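Work through the exercises below with the sequence and the structure side by side, and try each task before you read its solution.

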Amino acid sequence: MLRALLTAPFRRSADRPPAAARRSPPTAWFAGALPPPDAEGSGPEDGPLRVRTVWISDLHLGTPGCQWAALLDFLKTVECDTLYLVGDIIDGWQLQRSWHWPQGHNDVVQKLLRKARKGTRVVFVPGNHDEFARKYLGLNFGGIEVVDEAVHRLADGRRLLVTHGDLFDGVIQCAAWLAHVGDRAYELTLKVNRHFNRLRARLGLPYWSLSKYLKLKVKRAVSFIGDFEEALAREARRRGLQGVVCGHIHHAELREIDGVLYANDGDWVESLTALVEHPDGRLEILDWSERATAARRAVRQAAAAPALR
Ligand SMILES: [Mn+2]
């Protein structure tokens, strides 16, 4: 029911309800700066959004924090030649503590496998939460390649290092136990955040991320993010590459650091962001949280509708 409603306003033209029945304006589905749908109707409402490459990471499948419905909506909407799964796709750390695997998480895995089957090149670069997959480097699971890291060549020739990023995280490298404590604290923050946002949704307020707020407000966290970003940019430069794409810190970013491109594709726990490459090699961060908020509003309206009649 939820999934049907999530996708309903954006179906292809053939099975689309009449215009009057559509609730969300077509421009409200992402906060990014993609060009508006053109007059021929190749906009997102009329079919898939075509890009050259997609990078997503930090899905954390296997945890209650994973926002699988929004992710599934994203995967259904966006088509690409190459899809990079940049680590922390399945959260082995939390699955070991308690098993959480709803049908929605299966749907995401099925969708990824189907993409691989239908001709999308799917490359999985494991992260620290799915480090178990690092045992299978060089193997291929249902068309999904597992690699330690990758170098991606953009349409304009620039070459980017693709890595999860945990190897450049001082906390994880120097004090693994602290990373696990932090993980539990993070899990708790997300739990509080979920209840808080359920309340906000009921009041008609948009989604607001507590841990994002904490991360941005706490000075040490900011300097941690800065150190992380600089370490990755340095590594790309050291290898003679023009930039780096990573994840890990759940903070989407696209900027230049000392002449090297630093791109972070964010996460699907809080920020609901992906990095995409357009056909001309231009990079962009897509923010799916706006669309998730719109979908939640539609669900709420649908739920409230019978009472109004
Ligand atoms: Mn990570």
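**Exercise 1.** Find which residues of helix 4 are buried, and work out where they lie around the helix axis.

*Solution.* In this predicted model, a residue is taken as buried if 20 or more other C-beta atoms lie within 10 Å of its own, and in helix 4 this gives His105, Val108, Leu112, Lys115 and Ala116. Looking down the axis of helix 4, we find these buried residues within an arc of 105 degrees, so they line one face of the helix. The face turned away from that buried side carries the exposed residues Gln103, Asn106, Gln110 and Arg117.

**Exercise 2.** Determine which elements the buried residues of helix 4 pack against, and how the helix runs relative to strand 5.

*Solution.* The buried residues of helix 4 pack against helix 2 (68-77), strand 4, strand 5 and strand 7. Helix 4, which covers residues 103-117, lies across strand 4, strand 5 (121-124) and strand 7 (144-146), and its direction makes an angle of about 130 degrees with strand 5.

**Exercise 3.** Place the strands in their sheet, and compare the pairing of strands 2 and 4 with that of strands 13 and 14.

*Solution.* The open sheet has 7 strands in the order 6-7-5-4-2-13-14, with mixed pairing. Its edge strands are strand 6 (140-141) and strand 14 (283-287), each of which pairs on one side only. Strand 2 (residues 53-56) and strand 4 (residues 82-85) pair in the parallel sense over 4 bridges, whereas strand 13 (residues 273-277) and strand 14 pair in the antiparallel sense over 5 bridges.

Conventions
Residues are numbered from 1 along each chain as its sequence is written. This is a predicted model: local features need pLDDT of at least 70, side-chain atom pairs count only at pLDDT 80 or more; totals for chains, interfaces and linings use all residues. Two strands pair if DSSP finds at least two bridges between them. Helices (H or I, at least four residues) and strands (E, at least two) are DSSP runs, numbered from the N terminus. Two residues are in contact if their C-beta atoms, placed from the backbone, lie within 7 Å. Axes are lines fitted to C-alpha atoms, for helices over the stretch in contact, and angles run from 0 to 180 degrees between N-to-C directions. A residue is buried if 20 or more other C-beta atoms lie within 10 Å of its own, exposed if 12 or fewer, and partly exposed in between; C-beta atoms are placed from the backbone. The arc is that of the directions from the helix axis to the C-beta atoms.
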